[in-house]
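Below are some numbered remarks to read with the structure open beside you.

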Amino acid sequence: MRFSKFFMPTLKETPADAEVISHQLMLRAGYIRKLAAGVFTWLPMGLKVLHKAEAIVRQEMNLAGCLEVSMPMAQPAELWQESGRWTFYGKELLRFKDRHGNDYCLGPTHEEVITDIVRREVRSYRDLPLNFYQIQNKFRDEVRPRFGIMRAREFLMKDGYSFDADDEASADSYWRMHEAYQSVFRRLGLDFKVVEADSGAIGGSFSHEFMVLAQTGEDTVVSCDACSYAANAEKAEFALPPLPSAQEAKESGGGFEAVSTPDCRTIAEVAAFMGLPPSAFAKTLIYLADGRPVAAVLRGDRALNEIRFKNFLGAAELVLAAPAAIAQLTGGPHGFSGPLGLDIPVYADWELRLAGSWVVGANQADLHLQGVDLRRDGPKIEWSSLRLAAEGDRCPRCGAALGFARGIEVGHIFRLGTKYSASLGALYLDPKGQSRPVVMGCYGIGVSRIIAAAIEQGHDENGIILPPSLAPFTVVVTPMALEGEVWEKALTIYQQLLELGVEAALDDRDLRPGVKFKDSELVGIPLRLLVGSKGLEKGQVEIKERRSGKVSWVEAGQAADFALQFQSRPC
């Protein structure tokens with residue numbers, strides 16, 4: 001590709017509305033342009049990168065024995081109503097009516113559609129197993145799309161679905177996809193970790209996420225260096241310290257007292273006023289679980305694991321109560337809620353059983369209670385593990401210290417069981433002639449998200465750093481002149497590269513060399529092959545590696561072979 005014929009609108013300045021580095025660099029490098037909130041056009045340079053990721057995903061899925069299909073993006077409401085997800089999925093499901101008044105949605109995922117195909121076509125155990133996939137644009141109506149491609153409303157996704165006769169065969173399909181996904185991300189040259197995860201709106205018995213490790217990641221990865229345990233923040237478990245015996249709790253004695261705390265609504269404000277650390281407090285959060293009020297109580301310096309709490313309650317939706325609702329439910333204003341005397345279910349984190357003296361809200365304005373023992377003073381409280389893992393927690397498997405890192409989810413696989421096949425009637429006859437629901441798995445990869453994650457992981461002050469497996473071109477040939485011996489040699493090397501199958505570009509634009517250098521670094525081309533008169537006097541050309549900055553002088557006749565070997569290196 002000659003850059004004089006290519007469309008690459010690079011930008012010198014960082015766009016003001018781009019928050020994270022991948023968004024900034026994808027705009028500056030001319031990969032994407034925004035059309036609407038969370039909706040982007042992929043320009044030629046970015047599309048080349050996207051297609052390379054797509055090709056690797058497709059190759060590995062085919063190698064794993066999966067069969068590619070293409071399903072409609074617009075899906076009829078009836079299927080989602082059959083599965084029960086028409087209301088459960090929430091407002092992210094973009095619903096609309098066709099000209100006949102029929103309800104449809106834009107597909108964020110395709111469990112219902114693929115299950116409908118199987119229920120129509122599969123009759124016998126002899127038709128199984130099956131494993132389908134597609135690579136297709138999805139749409140999720142995110143309430144706050146952000147971070148460019150990272151959290152877009154429209155995105156390219158590979159979604160796959162396995163169908164087996166029993167749990168054992170389904171487990172084999174699941175772990176085969178587990179290995180195939182690791183092959184995908186290794187080939188993409190990404191530093192990633194596989195973690196246990198919550199199944200969310202997709203459902204199923206258990207799942208794993210594939211996280212690209214990056215300091216700017218929006219997810220937390222909790223892992224143990226001493227064993228193989230790893231999970232995302234919502235799924236992460238941790239070892240609980242020994243709880244006091246019932247006798248110890250009974251003998252805690254004493255009582256609590258009211259303390260005036262004028263205008264102190266937050267934990268930080270009350271802690272500063274009373275001269276105590278936030279860990280001395282038990283905060284009470286009022287939620288609505290499917291419209292039903294509940295209270296969650298945890299240590300003042302801890303964060304509630306809302307996913308775990310929602311799952312514990314068996315709720316489809318969990319939202320914080322509004323201040324007016326809190327005042328009505330507790331009898332006091334927002335900021336002074338406490339666990340005692342409430343007429344709603346109260347759930348407290350196990351950690352609060354480790355000590356017998358906490359400061360809590362009094363459900364009255366400007367008042368807190370000190371010396372509260374929830375074991376003694378809250379007889380109706382139910383106990384559970386409600387908080388997120390934190391620094392200092394120990395591994396639930398081996399007891400070693402847990403570590404915390406940031407990650408970007410790029411893949412997620414699920415054991416679905418019969419959640420969809422049973423509700424949609426996807427049945428088969430077993431060898432005894434008995435009708436059984438097929439057992440399913442679901443496997444997703446955010447193909448467009450991979451690009452953003454790779455850039456978050458690979459960049460510097462000059463721009464994007466991509467491995468050859470993802471880069472738009474492996475090498476750019478940059479002549480210092482567009483005429484004479486320099487131009488002729490550059491053109492010759494460029495033709496040799498193409499003949500060898502090297503993904504090469506020729507920067508034949510009539511621009512200053514410095515501008516060309518900056519563009520090649522910005523867009524993430526791994527090799528820059530510089531042809532200049534001084535080098536040619538010695539029969540050499542300069543090759544600079546983007547990632548390491550290493551400069552090599554290579555005989556002009558061997559330059560194409562050098563680039564071919566570089567392109568063939570494993571990531």
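**Notes on the fold**

1. Let's start with a strand pair towards the end of the chain. Strand E29 (residues 527-531) and strand E30 run antiparallel and are joined by four bridges. This is a predicted model, so please read every value here as computed from it. Within this pair, Leu530 has Glu542 of E30 standing opposite.

2. On to the next neighbour of E30. Strand E31 (residues 551-555) is antiparallel to E30 as well, with five bridges joining the two. Gln540 is set opposite Glu555 of E31. E30 and E31 form a hairpin with five residues between the strands, and Gly549 there takes a positive phi near 80 degrees.

3. Is strand E30 enclosed or open to the outside? Five of the six residues in E30 (residues 540-545) are buried, so the strand is largely enclosed by the rest of the structure. As a reminder for viewing, side chains in a regular strand alternate between the two faces of the sheet.

4. Now for the sheet as a whole. E30 belongs to an open sheet of five strands, ordered E28-E27-E29-E30-E31, and the pairing is mixed. Strand E28 (504-506) and E31 are the edge strands; each has a single partner, so one side of each lacks a neighbour in the sheet. On average, neighbouring strands of this sheet are turned by 25 degrees against each other, ignoring direction.

5. Which helix lies across this sheet's strands? Helix H17 (residues 559-568) does, lying across strand E27 (475-479), E29, E30 and E31. Relative to E30, helix H17 runs at about 20 degrees.

6. Three strands make an open sheet in the order E4-E6-E5, with antiparallel pairing. Its edges are strand E4 (74-76) and strand E5 (95-97), and because each has a single partner strand, one side of each is left without a neighbour in the sheet. Neighbouring strands here are turned by 40 degrees against each other on average, direction ignored. Three bridges hold the antiparallel pair of E5 and strand E6 (residues 103-106), and Arg95 has Cys105 in E6 as its bridge partner.

7. The largest nonpolar core has 63 residues, of which Tyr31, Phe185, Ile450 and Ile451 touch the most other members. In soluble globular proteins, nonpolar side chains tend to be buried together. Setting aside neighbours within four places in sequence, Ile451 is in contact with Met26, Tyr31, Trp42, Val49, Leu50, Ala53 and Leu470.

8. I would also like to point out a charged residue. Is Glu111 buried or exposed? Its relative accessibility is 0%, so Glu111 counts as buried. Glu111 is part of helix H5 (residues 111-121). Its side chain has a polar contact of 2.9 Å with the side chain of Arg85 and another of 2.7 Å with the side chain of Thr109.

9. How many disulfides does the model contain? The count comes to zero with a sulfur-to-sulfur cut-off of 2.5 Å. Cys224 is in no disulfide, and the nearest cysteine sulfur, in Cys398, is 3.5 Å away. With a relative accessibility of 5%, Cys224 counts as buried. Cys442 is a further case: the closest cysteine sulfur, that of Cys66, is 12 Å from its own, which is too far for a bond. Cys442 is buried too, at a relative accessible area of 4%.

10. Finally, the overall picture. The protein chain has 17 helices and 31 strands. Its C-alpha atoms fill a box of roughly 95 × 70 × 50 Å along the principal axes. Of the 571 residues in the chain, 52% are buried. Counting contacts with a separation of 6 or more, 69% come from residues 24 or more positions apart.

How values were computed
Residues are numbered from 1 along each chain as its sequence is written. Side-chain values use heavy atoms; hydrogens and water are left out. Buried means under 20% relative accessible area, exposed over 50%, partly exposed in between (1.4 Å probe, protein chains only). Two strands pair if DSSP finds at least two bridges between them. Axes are lines fitted to C-alpha atoms, for helices over the stretch in contact, and angles run from 0 to 180 degrees between N-to-C directions. Contact means heavy atoms within 4.5 Å. A nonpolar core is a set of buried Ala, Val, Leu, Ile, Met, Phe, Trp, Tyr and Cys residues joined through side-chain atoms within 4.5 Å. A polar contact is a pair of N or O atoms within 3.5 Å; within protein, one must be able to donate a hydrogen and the other to accept it, and residues adjacent in sequence count only if both atoms are side-chain atoms.
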